[in-house]
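Work through these exercises with the sequence and the structure open beside you. Try each task before you read its solution.

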Amino acid sequence: MVPYAGWDMPVEYSGITAEHMAVRTRAGLFDVSHMGQIEVAGKNAVAAVDRVVCSDASLLKVGQAKYTGLLTPGGTFVDDVLVYRMAPSHFMLVANASNVKKDYAWIAEQIKVVGDAAAVDSSSRYALLALQGPASREVLQPLTGVELGDLRPYWFANGEVANARATISRTGYSGEDGFEIFVPPNMAERVWQAILESGRAADVIPCGLGARDTLRLEAAMRLYGNDIDESTTVLESGLEWTVSWDKQDFIGRDSLVEERERGLTRTLVGLEMTDRGIARHGYPVVSDQRQIGVVTSGTQTPYLKKAIALAYVPAALAAPGSEVEVDIRGRASRARVVPLPFYKRSR
Amino acid sequence: MAYPTDLQYTKDHEWIRVTGDTADIGITDYAQRQLGDVVFVELPEVGRTITAGESFGSIESVKAVSELFAPMAGEVVAVNPQLKDHPESVNSAPHDTWMVKIRLNDSAARESLMDAAAYETLVKE
């Protein structure tokens, strides 16, 4: 157990490798109740949310969710969040545990100018469990009346799980099919046990922070604090696809337009080590013994069994096939830029 | 897992098995449990001389890197070839998986070594 953003959480239950492989081949269950929830509601909720995120919230249907950036005026990340449209004028943003207070304060302040919309930090109202892996649907279906086959990726539905009131969303942080299940905190343990019981035949196992990180890295999903933060822009971090350029205006838009016109100086890429060695967070990317970039996330991952990493490199070296070196504790080891994601599930 | 009595142990959780003028070095069960699944072991070149307490390589798991410190001084005469393709044997059989074999030199300097009972007490705390 380790402290994580104010919570006491398990790194692993039975081993990072076993848990990672369980999610890739069967299913694993994560307790991610540390994530925060900020709700925005009111007559002008759409305009309020649209002001603070870079995606177009007005295009979301009720029941639909989207991954997006909560941006600073400089186009960098206050946080990366999932926005859920709960009702026409009611949104929920699911935020990183370490950023919840910051996000809430930022949103509450920034939407004042919109008026007729209010933000609430409702994190204490929700526990969140994530069931991830190809067997997720067959494990969860017996526990709920929600027809999971009708739930498309990034859509959610209200219902119940193991007789506990629940919101089920077809989302996750693993690169596999799966469901994130919001329940009242006092129901969490019961729902957890029910899912593990239902998953017994499929050998579903509990999974911790270690596997959560190796899984998301193979899928090239960004980790706030590692790959993105208040010093990295949406464009440099390779997340331009979240930006709705057509949207009227949003915090950060002007900076991003300017950056797009100027061109990027650096960009986040995927690296695969070609020499032996594992690139890790903070290791310099070098060329001719000069530091030209930095590794933001990296490890040897259980499924791919390769040393992979995300790193910022100069834009000129961003093309897949480019050769760079990573300084691994004093020794320059060769790596190659590869396309992202490292792993994509077969559908 | 009981700690074999034919090994000596360091506070950095390495073990050493001395046989005449050579010795095998590895890491303990406690160390492998702390590390988690080992994915990579970096070992010195054969012929290199290492001094007691010196870092002679590193061992990496999915989540962390740890340095390996020499319990005694000597010349590296062999490194375990199995570790390149099967680093996980460190997890499954820590006290049977040697990493380097050294020829002990005359130097009296050595890291303070513990016997199995003393080491067991150390890791129980």
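Two residues are in contact if their C-beta atoms, placed from the backbone, lie within 7 Å. Keep that cut-off at hand. Note also that this is a predicted model.

**Exercise 1. Describe the surroundings of A:G159.**

Step 1. A:G159 lies in strand β10 of chain A.

Step 2. List its contacts. Set aside neighbours within four places in sequence; A:G159 then touches A:T144, A:G145, A:V146, A:A166 and A:I168.

Step 3. Decide on burial. A residue needs 20 or more other C-beta atoms within 10 Å to be buried, and 12 or fewer to be exposed. A:G159 has 14 C-beta neighbours inside 10 Å, so it counts as partly exposed.

**Exercise 2. Find the partner strand of β10(A) and describe the turn that joins the two.**

Step 1. Find the partner. Strand β10 (residues 156-161) is joined to strand β11 (residues 164-169) of chain A by 6 bridges. The two run antiparallel.

Step 2. Check one pair. A:E160 faces A:R165 in β11(A).

Step 3. Look at the turn. β10(A) and β11(A) make a hairpin, with 2 residues between them. In the turn, A:A162 has a positive phi of about 50 degrees.

**Exercise 3. Work out the strand order of the 5-stranded open sheet in chain A, and find the helix that packs on it.**

Step 1. Write the order. The strands run β5-β6-β7-β4-β8, with antiparallel pairing.

Step 2. On average, neighbouring strands are turned by 30 degrees against each other, direction ignored.

Step 3. Helix α2 (residues 45-52) of chain A touches β4, β5, β6 and β7 of chain A. The direction of α2 makes about 130 degrees with that of β4(A).

Step 4. Zoom in on one pairing. β4 (residues 36-41) and β7 (residues 90-95) of chain A are antiparallel and share 6 bridges. A:Q37 has A:V94 in β7(A) as its bridge partner.

**Exercise 4. Follow helix α1 of chain A: is it mostly covered or open, and what does it touch?**

Step 1. Judge the cover. α1(A) is mostly covered, with 7 of its 10 residues buried. Among them are A:I16, A:H20 and A:V23.

Step 2. Find the packing partners. The buried residues of α1(A) pack against β3 (28-31), β9 (127-132), β13 (205-206) and α6 of chain A.

Step 3. Turn to the domains. The centres of domain 1 and domain 3 of chain A, taken over C-alpha atoms, are 32 Å apart. Their contact takes 8 residues from domain 1 and 7 residues from domain 3. On the domain 1 side, α1(A) supplies the largest share, 5 residues.

Step 4. Turn to chain B. Here 10 residues of chain A are in contact with 7 residues of chain B. On the chain A side, α1 (16-25), α6 (209-218) and β16 (290-300) each supply at least two residues. That side divides into 3 nonpolar, 6 polar and 1 charged.

Key: Residues are numbered from 1 along each chain as its sequence is written. Chains are lettered from A and ligands numbered from 1 in the order in which they are written. This is a predicted model: local features need pLDDT of at least 70, side-chain atom pairs count only at pLDDT 80 or more; totals for chains, interfaces and linings use all residues. Helices (H or I, at least four residues) and strands (E, at least two) are DSSP runs, numbered from the N terminus. Ala, Val, Leu, Ile, Met, Phe, Trp, Tyr, Cys and Pro count as nonpolar, Asp, Glu, Lys and Arg as charged, and the others, Gly among them, as polar. Two strands pair if DSSP finds at least two bridges between them. Axes are lines fitted to C-alpha atoms, for helices over the stretch in contact, and angles run from 0 to 180 degrees between N-to-C directions. Domain bounds come from an automatic or database domain assignment.
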